[in-house]
Amino acid sequence: RRMLIPQGGRAWRIVFGGLLLAASADAFAPSAGGRLAFPRSARLATSSRKTEVCMAGGAALPNGGAAPFGTQADLQDTVDRAAQGQSWKRKITLLGSTGSIGTQTLDIVEYLPDRFEVEGLAAGSNVKLLAEQIKKFNPKIVSVGSDKALSDLKDILGDWKGTMPEFAVGDKGLVEVAKYGESDCVVTGVVGCAGLLPTVEAIKAGKDIALANKETLISGGPAILPLLKQYGVKMTPADSEHSAIFQSLQGVPPGGLRRIILTASGGAFRDLPAEELLRLCKEDPEWVRKKASTHPNWDMGAKITVDSATLMNKGLEVIEAHYLFGAGYDDIDVVVHPQSILHSAIETKDTSVIGQLGWPDMRLPLVYAMSWPHRLEMPYKPLDLAALGSMTFMAPDRVKYPSLDLSYAAGRTGGTMTAALNAANEQANEMFRGGEIGYMDIFKVIEKTMEAHKKDLNMTPSLDEIVEVDVWARKFAKESAKSAVVL
């Protein structure tokens, strides 16, 4: 075993030899991944691993994924960018500036004014915070969610002596901000499928994407991937797990990746046996609802916190990993890691496992997504392995977390099924948080929506067709959630 430390000052990169991997128990063995998964022994016994096949059936993407990895050109481009040294500065547009991703991104911009400046901001209704951001970062264009929000924002800025930005409103405003001006990189921090259309327009405008909105690829992957290649745009992941994978892939040659290992904290119900959770769902559903709204390690928004409790966030991340890195679903595994220190890992063809470690802090993946492939000095708490003491891993409980099997099934089906899964989950998640349905009903709603979508499955959808499926699935999920059949 050998350890390379530190890389980039604050991130740790650790390499385990094949013997240690083999001795690390079943936690690192590939998960079942739904009904169509093959056991690890069967995969290793196969003499030839197919890498260039169509995406139907969950196999590897023939032309690679969205992230700049996997080809000789990608590797050369990474080296060329790194070789430019420190004489660079990037203009940033931020979608979702008042949310968790947005405020942490602006913390980075404020700390590194010689590296980043703000070109545009888009927010919803939190105009008080947005006004403060406008005064501090002087964007050229700003979008809000409604005409009322715009009126309130202008009232707050009435006495400000600075230069007023251009203003835009609603969904069209979000698109206007995304494609505006001379921005080099658009950070997509909006929640849900609302980020899909703005991301598409930003790509068409030739802007690189720091992807913090996983639904963009989960729903729109079939349409997004060709656009990235058509417009020569780079997409870098800004969430912790996919950033860890992306960082671990730096320097891995084309054809060197064997397997992706996604780590999960286990969420709010990690330490609760499945039988106990099912009992509480029946006897004390409000306790379950309240518990699902908290996270043991991360400070996140309401929707993603519930997704973490159901482990749907990890199921969605499996699909996102497929579209980002081109890996087949048999080569994407999930392991529960309660400490959230190893943020994810890869296995290379020689069975080495390379992972990215660090304290739970969303700013690290954000700054790397915006600065890739450079490493910037940041004031974050260094990881102290001696103080940490130990890390543990376990296989996910698929009875407690049906979302994993649902996600693998949607991913293997391909086409618009992942859009249906995502939309149904967003609707069910919202209804659960609002007290309209129970915890286990979330999975029932999603499964019923996926089953209903089979007859209209589209394997090569356009962007408009993906949006139509999203609208349909939300409506169907909402109606089915109210029926006695589901509940």
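This is a predicted model: local features need pLDDT of at least 70, side-chain atom pairs count only at pLDDT 80 or more; totals for chains, interfaces and linings use all residues.
1. Next, go to helix α8 (residues 196-204) and helix α9 (residues 215-231). Their axes come within 10 Å and cross at roughly 5°. An angle under 35 degrees counts as roughly parallel, so that is how α8 and α9 run relative to each other. On the α8 side, the contact is made by Leu 196, Thr 199, Val 200, Ile 203 and Lys 204, while α9 brings Thr 216, Gly 220, Ile 224, Leu 227, Leu 228 and Tyr 231. By class, the residues of this α8 and α9 contact are seven nonpolar, three polar and one charged.

2. Now for α17 and α18. Helix α17 covers residues 403-413, and its axis comes within 7 Å of that of α18, with a crossing angle of roughly 150°. Are these two roughly parallel or roughly antiparallel? Over 145 degrees counts as roughly antiparallel, so α17 and α18 are roughly antiparallel to each other. From α17, the residues Leu 406, Ser 407, Ala 410, Gly 411 and Thr 413 meet Met 417, Thr 418 and Leu 421 in α18. That contact has four nonpolar residues, four polar and no charged.

3. Stay with α18 (residues 417-433) and look at helix α19 (residues 439-453). Here the axes come within 9 Å and again the crossing is at roughly 150°, so α18 and α19 are roughly antiparallel to each other. As for the hand of the crossing, α18 passes α19 in a right-handed one. What does each helix bring to the contact? Helix α18 supplies Met 417, Ala 420, Leu 421, Ala 424, Asn 425, Ala 428 and Phe 432, and helix α19 supplies Tyr 439, Ile 442, Val 445, Ile 446, Thr 449, Met 450 and His 453. The residues of this contact divide into eleven nonpolar and three polar, with no charged.

4. A couple of backbone details are worth a look too. The peptide bond from Trp 372 to Pro 373 is cis, and its omega is near 0°. You'll find Pro 373 in the loop between α15 (363-371) and α16 (385-388).

5. Last one: Asn 138. This residue is not a glycine, yet its phi is positive, at about 50°. Where does Asn 138 sit? Look in the loop between α5 (127-137) and β5 (141-144).

Notes: Residues are numbered from 1 along each chain as its sequence is written. Side-chain values use heavy atoms; hydrogens and water are left out. Axes are lines fitted to C-alpha atoms, for helices over the stretch in contact, and angles run from 0 to 180 degrees between N-to-C directions. Helices (H or I, at least four residues) and strands (E, at least two) are DSSP runs, numbered from the N terminus. Angles under 35 degrees count as roughly parallel, over 145 as roughly antiparallel, 65 to 115 as roughly perpendicular and the rest as oblique. A crossing is left-handed if the near helix is turned anticlockwise from the far one by less than a right angle, and right-handed if clockwise. Contact means heavy atoms within 4.5 Å. Ala, Val, Leu, Ile, Met, Phe, Trp, Tyr, Cys and Pro count as nonpolar, Asp, Glu, Lys and Arg as charged, and the others, Gly among them, as polar.
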